[in-house]
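User: Can you walk me through this one? I'd like to start with side-chain contacts.

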Amino acid sequence: MTTGEIAALIAAIAFLILVIWIGWFLSKTVKSLNTTVSQLSKLTDDADNLSKELEDVLSNTNQLLADVNDKAEKLDPAIQAVADVGQSVSDVNNASRQLVEKINSRANSRSSRMINGLSKMAFMMAGHFRNKRNERKEK
């Protein structure tokens, strides 16, 4: 065998090894791509299921929100009535305070008039008794 033939044989073997390696690499790549496609298919199915469930949840949420809004509208008069009762109670409390203040001021004015009258009477009686004592001493 000549050197040219040996070089050709080495090139042929290298080319064969390269073809085998490319075949093996492409086989692994195809398996990996098949797995990726399978996973994407499952992911798409899961996303579709999730989307359907999400639509159901949103529908239920909308119904619940509509129900809450209806009930809130029905409660508005009751809440207004409670607020009116609270205002009435506040008005009654204010009126009671004013009445108590009036009564106290009248009682205070009556007391002061009574005290003034009693002190005048006591002063007059003291003067009267002084006069009587002075008369007795003079006699």
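User: Which residue does lysine 71 form a salt bridge with?
Analyst: Lysine 71 pairs with aspartate 67, and the closest N and O atoms are 3.3 Å apart. A salt bridge here is a side-chain nitrogen of Lys or Arg within 4 Å of a carboxyl oxygen of Asp or Glu. The count by this rule is 1 salt bridge.

User: What should I know about the model and numbering before going on?
Analyst: This is a predicted model, where local features need pLDDT of at least 70 and side-chain atom pairs count only at pLDDT 80 or more, while totals for chains, interfaces and linings use all residues. Residues are numbered from 1 along each chain as its sequence is written, and side-chain values use heavy atoms, with hydrogens and water left out.

User: Is lysine 71 buried, exposed or partly exposed?
Analyst: Lysine 71 counts as partly exposed, at 48% relative accessibility. Aspartate 67 is partly exposed too, at 33%. Buried means under 20% relative accessible area, exposed over 50%, and partly exposed in between (1.4 Å probe, protein chains only).

User: Switching to rings. How many aromatic pairs are there?
Analyst: The count is 1 aromatic pair. Tryptophan 21 and phenylalanine 25 form it, stacked, at 5.5 Å centre to centre with 15 degrees between the planes. The rule takes rings of Phe, Tyr and Trp (its six-membered ring) with centres within 6.5 Å; planes under 30 degrees apart count as stacked, over 60 as edge-to-face and the rest as tilted.

User: And where do tryptophan 21 and phenylalanine 25 lie?
Analyst: Both are in helix H1, 4 residues apart, about one turn of the helix. Tryptophan 21 is partly exposed at 48% relative accessible area, and phenylalanine 25 is partly exposed at 42%.

User: Which residues make the nonpolar surface patch?
Analyst: Phe15, Leu18, Val19, Trp21, Ile22, Trp24, Phe25 and Leu26 make a patch of about 840 Å². Patch members have over 30% relative accessible area and no salt bridge; like charges are joined within 9 Å, nonpolar side chains (Val, Leu, Ile, Met, Phe, Trp, Tyr) within 5 Å.

User: What does UniProt list for residues 6–26?
Analyst: The unreviewed entry lists them as "transmembrane region". In the model that span is 100% helix and 0% strand, with its end C-alpha atoms 30 Å apart. UniProt positions use the numbering used here, feature names are shortened, and annotations may be inferred rather than shown by experiment.

User: What about residues 33–71?
Analyst: UniProt places "coiled-coil region" there, again from an unreviewed entry. That stretch is 100% helix and 0% strand, and its end C-alpha atoms are 56 Å apart.

User: Overall fold, then. How many helices and strands?
Analyst: The protein chain has 1 helix and 0 strands. Its C-alpha atoms fill a box of roughly 185 × 45 × 15 Å along the principal axes.

User: And how many of the residues are buried?
Analyst: Buried residues make up 1% of the 139 residues in the protein chain.

Note on methods:
Helices (H or I, at least four residues) and strands (E, at least two) are DSSP runs, numbered from the N terminus. Accessible areas come from the Shrake-Rupley method with a 1.4 Å probe; for residues, only the protein chains shown count as cover.
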